[in-house]
Structure formats: structure tokens, C-alpha cells
Amino acid sequence: MQQSDYPVVIAGAGPAGSTVSMFLENEGIKHLLLEKDTFPRDKICGDAVSSKALEIIARLKPDAVKSFGEDREKTLLTHGIQFSAPNGKSVDIAFPKPKGNLPIGFISRRMEFDNFLFDQLQGSKHAEIWQNADLKNATHNNSEGVSLTISHNGIEKKISTKLLIGADGARSVVKRKLQGFEQDDDHYCGGIRAYYSNVEGLHPQNFLELHFMKELLPGYFWIFPLPNGAANVGMGMLSRDIKRKKANLRKELLNIVENHPVMKKRFANASLDGNIVGWGLPFGSKKRELTGNNFILTGDAASLIDPFTGEGIGNAVVSGLVASRIAKKAIEAGNYSKKALSEYDSIMYQKLWNELKLSHTMQKLTTYPWLFNFVVNRINGSKSLQEVFTNMFTDLELRAKMENPMFYVKLLFNIQ
């Protein structure tokens, strides 16, 4: 293939980009995949992988997903989430069982999970893969395509493509160069992550712990168990609140670990492994344009992170699947215009908007500590309500009811 003629170029080989590549390979569509780093490489994340992502990847790689999910050195199965209210009381919400024979969900360091996805691309007949390939610039050219400048192994290369798929994360070069970057502090979260060993009191079923402490609302402090006795520990706050409070997240995390009445006991014998690192999370709590002439944005570049849970891998994989389908249609029609590609926007928001909108509503509800405390107390006293909130993860009609204030009035008076 000539360097001047790549029908599709994917920037970024994380969950979104690797998913695009897998499905383009399955369709026999030639493409170039760029990865800024060299695998295996780390990615700052909470490290939880939902069944939503696994179900899509398993369509092409069922045996690989099963094998990776059973590797106890790399993955730890998780069966639910433990929500801790501002008053310190907690409630366990189990995950509903996924389709087929897939894991309910698991926790795996992104160093391991992203490398697993990347391994699925090896031996591809239709993908050319450049690692250590840093996308420096992207501009529209006169031939109705996109010209790219890439530093590949330290050597500058210039190529062109008809379709550029941005899967290059929250600070996407594709987005900045072709659309313009806009950070809305009401819909953007600052997060930090640390790895600890020997944290005490981890859930026996490896539940993900979300601690909604009053000083962090609507953000939270998390503890996610990992294989071999490790834990992913972190916290996130909306960027507007970080600026308003002039918060230093690293100091906040260490203060919780060292001084919080409960956490200081759980971390008394724990040790920090490596550094505390930070990153940004663009929430999908408002609609944005996801396409333009000759480009599609996926994953974090498309701002698809769930504003309540902070989970982004599942939606990234969904966007990768949809992007591959739109790419195929564009190639067949020879049409890479914004009008043609905007079908991607329609499909993505048809699939995800109700979920993202309701998660945003739930995020806003957490700013009322008394309400959060009340709901957790009520759930703890009712098995039927525990089942209701278990189904919250998959039942959008139920989540819509939770958006209605009457839902909480009924809770208050114990009306079923």
C-alpha cells in the first residue's frame, strides 16, 4: 500500500481504536492503525471492564475473551458495586447476569487489558500497524481527504487518508486539529489513580467500591480490587469544583487515606506502588458533534464517559463497532462528507443518550447528601429495592423513573 493512500487511518489503539480495527479486519477493509506508544503500555484508568464491552469483543473473539477473563494473574471477576453514602453507610448492588457465558465484569490493569486487545490484531491481513507513531497534525486537503503528519520511530512521515478515525483519548489530536477542542468544566472531570497493595476490608465478591464523601460530591473516592492483593485507588471531581475549591486531588487522596476515620484503618498496612497519576475524563453528559468531513470521533475523544460511574471502556467499544460500520458504508458510497458520516452521531446517541442523560441526572442527585443517605438507608432495609437497583444497570425505563422526584416520595412513604 502506498503511504499516500490509506482509505482509513485510526489514531489510537486503545479499546475504541482496537475495536474499530478488529471489525474493519473482519470486513476485509484495509486500514492503518497508529499508536503513540509501544505495547504493552499503561493507561490511567479505574481498570474496570463491563460486560457491555465484553459482549461486543466476543462477537469476533469469544475464545480469547473467555481465556483472558479466566486468567487470574491478569483479571479479577467482580460481581457488583458497593455504594457508600456521605453518612458512611453502604449498600451492595449486584450486577445483573450478562448474555451468554461471559464474565459479569472484571477488573484488569489497562496495561494488561489494552495489550490483550492489541494482541487480537496481530496477524491481521488488512491492517498496517505503526507503534511509536505520534500524530502531530491533521489538515483537510484539496483532494477532499485529510493530510497527516506523523512522527514514526522519530522519523517524520506525511500521509493522506479519506477517513480519519479519532480514538486518541481525551486530548484528541484529531478533535483539536479538525474540529477544535472545547473543555466544558461542567461536563469534565479531573481524576487521579494510584495502585496500593495490602488494603484491608476488600469486598469478598470483589465489588467495586464507590465512596461518595461529602467533600467530593458529586465526585467520589474509589477502591477497585485487583489480582494478587492489589487495588486501584483513586478519586474524581468535576473540573468546575476543582477550580472553585482550588482542590489538589493528590493531597485530597492522601488526606483520605491517612486521616479519614474509616480509610486510615483500611490503609494502615497498605503501601503505595508507583506514583499517583492524573488524567481528564470528558463526560457524555451533553451532546456534541462526533463527526465532520472525513473524520469520526470515538471513545474518550468523543466524550462518551458515563457521568455517574465514570466508566468509559464499554461506550468506547460500542463507538468502535459503530464507527467501523459507518466507515464501511462511506467506503462503499465513496462519500466521506459530514452529512454522510453524521449517521454515526445519530446511531451513537440513539444507543447511548438515554443512558448518559439519566446518569447525568443521577450524578446531580448526589449533590444532595441527605437524599443519598436516605436512599441508601432505604435500600438496605428492603430486598425488593435491592433488586430494583440491581436492574438499574440495564433497565433504562427504571432509570427514567429514578429521574422523577415522585420515585423518592414513594421511597419516603414506603410506597411500592
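Me: Leaving aside its neighbours within four places in sequence, which residues is Asn373 in contact with?
Reply: This is a predicted model, in which local features need pLDDT of at least 70 and side-chain atom pairs count only at pLDDT 80 or more, while totals for chains, interfaces and linings use all residues. Residues are numbered from 1 along each chain as its sequence is written, and side-chain values use heavy atoms, with hydrogens and water left out. Contact means heavy atoms within 4.5 Å, and with neighbours within four places in sequence set aside, Asn373 has such contacts with Ala85, Pro86 and Asn87.

Me: Why is Asn373 called buried?
Reply: Buried means under 20% relative accessible area, exposed over 50%, and partly exposed in between, with a 1.4 Å probe and protein chains only. Asn373 has a relative accessibility of 16%, and therefore counts as buried.

Me: What makes the span of helix 11 close to the expected one?
Reply: The expected span is 1.5 Å times one less than the number of residues. Helix 11 (residues 343–365) has 23 residues and reaches 33 Å from its first C-alpha to its last, close to the 33 Å expected.

Me: Where does helix 11 bend?
Reply: The bend at a residue is the angle between axes fitted to the seven residues ending there and the seven starting there, and for helix 11 this angle is about 50° at Leu352.

Me: Which residues does a cis peptide bond with omega of about -5° join?
Reply: That bond joins Phe39 and Pro40, and Pro40 is placed in the loop between strand 2 (31–34) and strand 3 (48–50).

Conventions: Helix = DSSP H or I, 4+ residues; strand = E, 2+ residues; numbered from the N terminus.
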